[in-house]
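Work through the exercises below with the sequence and the model at hand. Each task is followed by a worked solution.

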Amino acid sequence: MQSRRSPAPCFPMHCGKCLCKPNMAAACLRTFGQVSRLVVRIRNVRTSAVAALIPAVYMQGTGRLHDTSGSGLRTKIFSAAPRGGGGSATAFAFAVGGGFGLYQIIKFYFQHHYAEECLDHTFDTELKLTLYQYKTCPSCSVVRAFLEYHGFDYEIVEVNPISRQEIEWSTYRNVPILVVDGSEAVQLNDASLIISTLKTYLINKNKTISDTLIYYPEYKTTNSLGNEVTEYCNKYWVMLNEIKVEDVYPCKTTRKEEVRWRMWADDWLVPLISPNMFRSPAEALASCDNIVRLGNFGPIDGFIARYLGAVAMFFFSKFLKFRHRLQDDVREDLYKALNEWVTAIGRKRKFMGGPHPNLADLAVYGVLRVMEGLKSFDDIMENTKVKAWYQRVEKAIQQQQGRSQRSQRPRPITERFHP
């Protein structure tokens with residue numbers, strides 16, 4: 001299998017600055033307007049001293065003179081006949097330009113409407129999904145946000161972080177793991193890969209999950225700690241043909257913008273979470289208590305995770321602070337990151353995806369959601385501009401039909417999964 005080249009890094013651009021369809025229509029109107037101005041003559045008229053600097057404009061074919069002389073602005077109608085067909089050329093230019101511009105606007109509207117309708121209905125699927133997770137894991141929370149927003153029914157298996165016996169059947173020992181039971185059983189690892197694969201599958205229903213995975217070949221690499229890890233090419237990209245790209249991403253830059261901020265969430269926002277959740281001994285204890293309360297722990301495991309885990313995570317957060325070169329008060333880095341995110345969305349958009357959340361919105365929301373109920377969450381709601389956006393995403397997810405059923409026992413695994 002020939003591996004696809006990873007896309008080049010991209011930078012965020014706002015939809016208002018790109019060549020989307022309404023701007024194309026405006027450009028057409030401006031072009032034909034320039035043609036029409038060829039038949040416009042500017043004549044000087046006798047004006048008062050006050051109005052001498054303002055020219056009168058006479059448009060042949062209409063016989064209309066706009067003059068500012070005298071007591072005020074007045075319009076005079078002339079009976080002069082058009083010369084050289086100038087009026088007809090003007091009317092033709094504006095008619096063609098206006099008609100083409102109107103066509104582009106209508107086309108854009110129906111494309112966008114079709115995309116929303118298409119996506120709303122393609123989320124109905126007979127796939128049986130099982131998510132193996134830790135409740136308070138940021139990556140697992142991102143996958144849940146995606147599944148819930150897109151209307152999936154799925155089963156949750158809460159994994160014990162210490163024994164991990166719920167995933168002993170898999171050679172992949174991390175979470176999240178999503179098992180897809182359809183015509184065949186497929187195992188998906190890595191949150192970003194899970195989301196991109198499912199979104200691609202939902203839009204291209206003629207392909208199976210296994211067929212879709214071909215777009216995301218895996219490779220081995222070494223992380224910053226010197227450990228060998230598995231990565232996936234194109235894992236931040238929804239793979240579409242040229243026709244479907246316009247339906248899903250009507251504006252040319254929105255696709256690159258979505259990829260850029262999904263990468264930002266993984267590479268920068270996620271590393272900020274632990275140093276902030278375990279910033280002080282009191283916050284570390286509260287965070288570990290929350291983890292034990294929401295997770296799958298036995299009495300002994302819970303005691304170890306709550307108290308010894310709090311001590312370990314407090315010192316580990318200091319290591320992360322040094323590793324990522326964070327400020328003395330790591331909250332300031334988190335505040336700055338979230339304000340950067342809100343600024344990128346801008347005032348004219350409800351979400352990064354425009355009128356609806358896109359994959360970047362769901363990724364950032366999923367990461368932040370793991371801090372709910374903690375002091376760090378209260379602080380970011382109070383000291384950044386992210387609250388209004390966060391509540392909009394939360395409401396959008398609640399309006400969808402995604403449901404989960406928690407199970408403490410893993411489903412029997414009898415199939416051989418794709419890695």
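Predicted model: local features only at pLDDT ≥ 70, side-chain atom pairs only at ≥ 80, totals over all residues.

Residues are numbered from 1 along each chain as its sequence is written, and side-chain values use heavy atoms, without hydrogens and water.

**Exercise 1.** State how many helices and strands the protein chain has, and what share of its residues is buried.

Solution. Take helices (H or I, at least four residues) and strands (E, at least two) as DSSP runs, numbered from the N terminus. The count is 13 helices and 11 strands. Next, buried means under 20% relative accessible area with a 1.4 Å probe, protein chains only. Of the 419 residues, 44% are buried.

**Exercise 2.** Compare the span of helix α7 with its expected value, and locate its kink.

Solution. The expected span is 1.5 Å times one less than the number of residues. Helix α7 covers residues 252-277, 26 residues, and reaches 38 Å from first to last C-alpha, close to the expected 38 Å. The bend at a residue is the angle between axes fitted to the seven residues ending there and the seven starting there. In α7 a kink of about 35° is centred on alanine 265.

**Exercise 3.** Describe the largest nonpolar core and the contacts of isoleucine 380.

Solution. A nonpolar core is a set of buried Ala, Val, Leu, Ile, Met, Phe, Trp, Tyr and Cys residues joined through side-chain atoms within 4.5 Å. The largest has 80 residues; among those touching the most other members are Trp341, Leu368 and Ile380. Helix α10 (residues 330-345) gives the most to this core, 9 residues. With contact meaning heavy atoms within 4.5 Å, and neighbours within four places in sequence left aside, isoleucine 380 is in contact with Leu334, Tyr335, Leu338, Leu368, Met371 and Val386.

Notes. Buried < 20%, exposed > 50% of the residue type's maximum accessible area, 1.4 Å probe, protein only.
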